[in-house]
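Here is a short briefing on one protein chain. Look over the sequence and the model before reading on.

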Amino acid sequence: MKEEATHTQAGISIQQFFSHARYRKPMFLVLVVSLGSQLSGFNAVINYSTKIFQETFSEAKYLTLGVAAMNVIFTLVAFFLMEKAGRRKLLLTGFLSIAVCNLLMTVVDATLTVAPDIRYLQVIVVFCLISSYELGPGPISWFIAAELFDQPSRPVAMAFTSMLNWGGKFVLAFIYPPLQLLWHGSVYLVFMAMALVAFGVTWYRMPETKGRSFDDIAEEFRGAEGILLRNKSDFNTFN
């Protein structure tokens with residue numbers, strides 16, 4: 001904090017934020033992480049869990065309470081893991097797990113009519129999707145901008161992050177019912193694709209921000225002027 005305080009400057013305007021070249025790389029990362037998080041299927045499950053379970057369970061409301069409980073529990077787990085595991089590892093693990101869960105949701109939906117007992121697997125997959133989201137992409141998508149942008153741009157960056165997250169939630173809540181009606185269980189493949197895109201960008205472009213100053217992170221972004229971040233030693237790993 002002391003190191004950054006010495007570099008504190010007046011804030012920048014919204015126009016400067018979007019036009020300055022130095023902010024394009026972190027802006028792209030925030031865009032992908034935020035929209036990848038909100039459009040990866042979590043909000044469809046959390047908003048329509050009762051409807052999903054009602055198709056196979058008579059007491060769907062109790063399972064919905066279970067979904068809410070998992071949401072709270074794994075938010076607390078992420079609270080303790082955040083500084084130990086690091087942001088990058090939790091994002092990678094979360095996005096990859098969400099992609100797998102969405103694939104399983106498609107498989108389960110396709111086989112429910114011929115194997116009704118697989119509905120119990122559906123419950124497990126939903127719970128796993130919720131926990132995967134809250135372990136990484138969920139909380140990190142809201143604060144990662146504060147660690148990627150410098151002090152003058154941080155207020156605008158955080159507002160940009162909030163706009164992306166709430167906008168993504170709105171879009172998914174709006175489009176999920178017609179897409180589900182049109183494509184049925186295959187709609188989860190769209191969410192899987194979004195999670196995989198976010199995973200790929202995080203894998204190749206996201207630096208680890210845990211325990212690092214902004215100057216250190218900014219220097220890593222500057223290295224991308226001639227060298228891709230994925231070519232840096234120890235960058236393209238879960239560590």
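Buried means under 20% relative accessible area, exposed means over 50%, and partly exposed lies in between, with a 1.4 Å probe and protein chains only. By that cut-off, 45% of the 239 residues of the protein chain count as buried. This is a predicted model: local features need pLDDT of at least 70, side-chain atom pairs count only at pLDDT 80 or more, and totals for chains, interfaces and linings use all residues. Residues are numbered from 1 along each chain as its sequence is written, and side-chain values use heavy atoms, with hydrogens and water left out.

**Overall make-up**
- The protein chain has eleven helices and zero strands. Helices (H or I, at least four residues) and strands (E, at least two) are DSSP runs, numbered from the N terminus.
- Contact means heavy atoms within 4.5 Å. Among contacts in the protein chain between residues at least 6 apart in sequence, 79% join residues at least 24 apart.
- The accessible surface of the protein chain is about 12200 Å², and 67% of that belongs to carbon and sulfur atoms. Areas come from the Shrake-Rupley method with a 1.4 Å probe; for residues, only the protein chains shown count as cover.

**H6 against H7**
- H6 and helix H7 (residues 119-135) pack at about 160 degrees, with axes 8 Å apart. Axes are lines fitted to C-alpha atoms, for helices over the stretch in contact, and angles run from 0 to 180 degrees between N-to-C directions.
- H6 and H7 are therefore roughly antiparallel. Angles over 145 degrees count as roughly antiparallel, under 35 as roughly parallel, 65 to 115 as roughly perpendicular and the rest as oblique.
- The crossing of H6 and H7 is left-handed. Left-handed means that the near helix is turned anticlockwise from the far one by less than a right angle; right-handed means clockwise.
- Contact residues include Leu90, Gly94 and Asn102 of H6 and Leu121, Val125 and Leu129 of H7.
- By class, this contact of H6 with H7 has 13 nonpolar, five polar and no charged residues. Ala, Val, Leu, Ile, Met, Phe, Trp, Tyr, Cys and Pro count as nonpolar, Asp, Glu, Lys and Arg as charged, and the others, Gly among them, as polar.

**Asn102**
- Asn102 lies in helix H6 (residues 87-111).
- Asn102 counts as buried because its relative accessibility is 0%.
- Not counting residues up to four places away in sequence, Asn102 touches Ser40, Gly41, Leu129, Tyr188, Phe191 and Met192.

**H8 against H9**
- The axes of helix H8 (residues 137-148) and helix H9 (residues 154-183) come within 8 Å and cross at roughly 160 degrees.
- The crossing of H8 and H9 is right-handed.
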